[in-house]
Amino acid sequence: MNPAWRHPSFGVGAVLMALVVGAALLSLVWTPHDPTVMRIMARLRPPSAEHWLGTDQFGRDIASMVLVGARNALLVGLVAVGIGLVFGVALGMLAALYRGRLLDEAVMRGLDFVFAFPAVLTAILILTWFGPGLVNAVIAIGIFNIPVFARQARGATLQVLAQDYIRAARLAGLSRMAVMLRHILPNITGLMIVQGSTQFAFAILAEASLSYLGIGTQPPNPSWGRMLNDAQTYLGTAPHLAIVPGIAIAITVLAFNLLGDGLRDLLDPRMKER
Amino acid sequence: MTPVLEAVHLHQAYPLPRQGLFERRKRIHAVRDVSFRVEEGQTLGIVGESGSGKSTLARLLVALEKPRSGEVLFRGEQISGLPERSIRPVRPLMQMIFQDPFGSLDPRMRIGESIAEPLGVAEPWLDAGERAGRVAAMLERVGLQPDMVARYPHQFSGGQRQRIAIARALITRPALLVADEPVSALDVSVQAQILNLLFDLKLEFGLSMVVISHDLAVIRYLCDMVIVMEGGRVVEQATTARLFAAPQAEYTRALMAAMPLLPDAEGDPAGARPNPGEQEQNASVGGSPAQLREPDIALNAGRGRAGPDG
């Protein structure tokens, strides 16, 4: 057995992630019902043989909506975190490298500016500018992720820069760029992965808020976040409307967090057998 | 002949955090007006308490930092205050080993890669096989098994890591090696081995060295010349033999008095190493501090005896 699977968090995380990815892939070819068809006569039904997870306030099949929603959730999470990670880490490392100088100040204060705006407000701003839709929502959420990663990356880079092995690398004649790529990046990766798995949860919830406001995933395209928000009204009468997408989000977030923790350990040579 | 390394009125200061918005920014002067030369093949010791500016000086000497004023000349050419790009060609010729062998190796890099890294920059034309050969030979030379290349730093002890750091520093066959407290982070039992290794390599590679230490025994074992630093200033500069025979500065004497007296060494590692430059003075040592301090320098045990005849 590959030692990676023996790592408990990584193993469990991988299984959960497979579940979510499997659901997303399955929804491409098959769902129990058409998730967009409304049947007012069959609204707010509890789980049954026909509707495994019941129906919502419009009589749509919740199981089908959750399956299709997995697609959007993964898309939003991965792309938004990806944008934040790539730009954030690059900017953070750059700022750390020019610590205390104008570039550092300019980059970090600029990101503080972004960070100071409430996330959703920033997103609304961007979306009113570029028009609503899933892609723009993902970009907006990604932009908001940048300062989070940049701050972490800057701090982590400063810590690594203080190490003697960075001096040794400079003495070896490596260029600044080579030091960054060969020594700094690998040593901050673990931290960034963990941050990324946390930000993933934030991204899904942000998408939920935006969809709720009508500028995220556009109906009738299902989104876990919008399902959750819509369910608020029926919490007393039909709690499964909230529970089902809630569990779906929880499982996905948990999968990312466990995978993140596992990857951090697996990427660290110190965690391998001595 | 041009000296390998020359420091000319070196001065370094760091700004302290502002005390208040309208206060003047104060500076801490880590190195003040330090000048010396290291001739080809010579080893210069820099001794002083922590905070005396030794490590700052080390970083200045290998151009990891730019001095506030003054110059560092390597083989007669100025290397201080230059942009990194201009220093890079000289880098392979001046290397450094650090105090903490746990911090000086990238924890995520296999040690073979770490050792080969300077080679990749200095001699990029080598193919993978040649490079691996050089690394293996170097590992063997510092007393490790060549098949350890695929291991990570955490799999080694402190002494082994310091050997790896030495291998990395010497793989480009530098002319100058700056050793910043090379053994002070190591177990006492390992210190002597590393010092012996450094001594052997110095002769074998014809290295000029600058050894920084707070430990006079280390200095005495490795160095031909000594600079004593206090508060960033040089308070005494002498040949090792003269310094130990007749320390001039008050501070030097205080340092010597503070050295612990250890019982005479049983495990005299590698026996006596007569240091060629020093023998003549030892004849007059007699009851001088050097003789008094004899026991703590197991490494030098034979030298005092051999001296008068040699």
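The paragraphs below lead through a predicted two-chain model, from the overall build of chain A to the contact between the chains. Residues are numbered from 1 along each chain as its sequence is written, while chains are lettered from A and ligands numbered from 1 in the order in which they are written. Because the model is predicted, local features need pLDDT of at least 70 and side-chain atom pairs count only at pLDDT 80 or more, whereas totals for chains, interfaces and linings use all residues.

Chain A has ten helices and zero strands, where helices (H or I, at least four residues) and strands (E, at least two) are DSSP runs numbered from the N terminus. The C-alpha trace of chain A spans about 75 × 50 × 30 Å along its principal axes. Of the 274 residues in chain A, 46% are buried; a residue is buried if 20 or more other C-beta atoms lie within 10 Å of its own, exposed if 12 or fewer, and partly exposed in between, with C-beta atoms placed from the backbone. Among the contacts in chain A with a separation of 6 or more, 69% come from residues 24 or more positions apart, two residues being in contact if their C-beta atoms, placed from the backbone, lie within 7 Å.

One helix pair of chain A can be followed in detail. Helix α3 (residues 62-97) of chain A packs against helix α4 (residues 102-116) of chain A at an angle of about 140 degrees, with their axes 8 Å apart; axes are lines fitted to C-alpha atoms, for helices over the stretch in contact, and angles run from 0 to 180 degrees between N-to-C directions. On the α3(A) side the contact is made by Leu91(A), Leu94(A) and Ala95(A), and on the α4(A) side by Leu103(A), Asp104(A), Val107(A), Met108(A) and Leu111(A). These residues divide into seven nonpolar, no polar and one charged, where Ala, Val, Leu, Ile, Met, Phe, Trp, Tyr, Cys and Pro count as nonpolar, Asp, Glu, Lys and Arg as charged, and the others, Gly among them, as polar.

The largest nonpolar core has 150 residues, and those with the most contacts inside it are Ile141(A), Leu61(B) and Val210(B); such a core is a set of buried Ala, Val, Leu, Ile, Met, Phe, Trp, Tyr and Cys residues joined through C-beta atoms within 7 Å. The largest share of this core, 18 residues, comes from α3(A). Leaving aside its neighbours within four places in sequence, Val210(B) is in contact with Leu5(B), Val38(B), Leu44(B), Ile46(B), Leu61(B) and Val178(B).

Chain B contains an open sheet of six strands in the order β6-β7-β8-β3-β9-β10, with mixed pairing, two strands being paired if DSSP finds at least two bridges between them. Its edge strands are β6 (94-97) and β10 (233-239) of chain B, and the twist averages 15 degrees from one strand to the next. Strand β9 (residues 225-230) of chain B pairs with β10(B) in the antiparallel sense over six bridges.

His9(B), in strand β1 (residues 5-15) of chain B, has a positive phi of about 45 degrees although it is not a glycine, and His9(B) is exposed, with 12 other C-beta atoms within 10 Å. Asp33(B), in strand β2 (residues 27-38) of chain B, also has a positive phi of about 45 degrees and is partly exposed, with 15 other C-beta atoms within 10 Å.

Between the chains, 16 residues of chain A are in contact with 23 residues of chain B. On the side of chain A that touches chain B, α7 (164-171) and α8 (176-212) of chain A each supply at least two residues, and α7(A) gives the most, with six residues.
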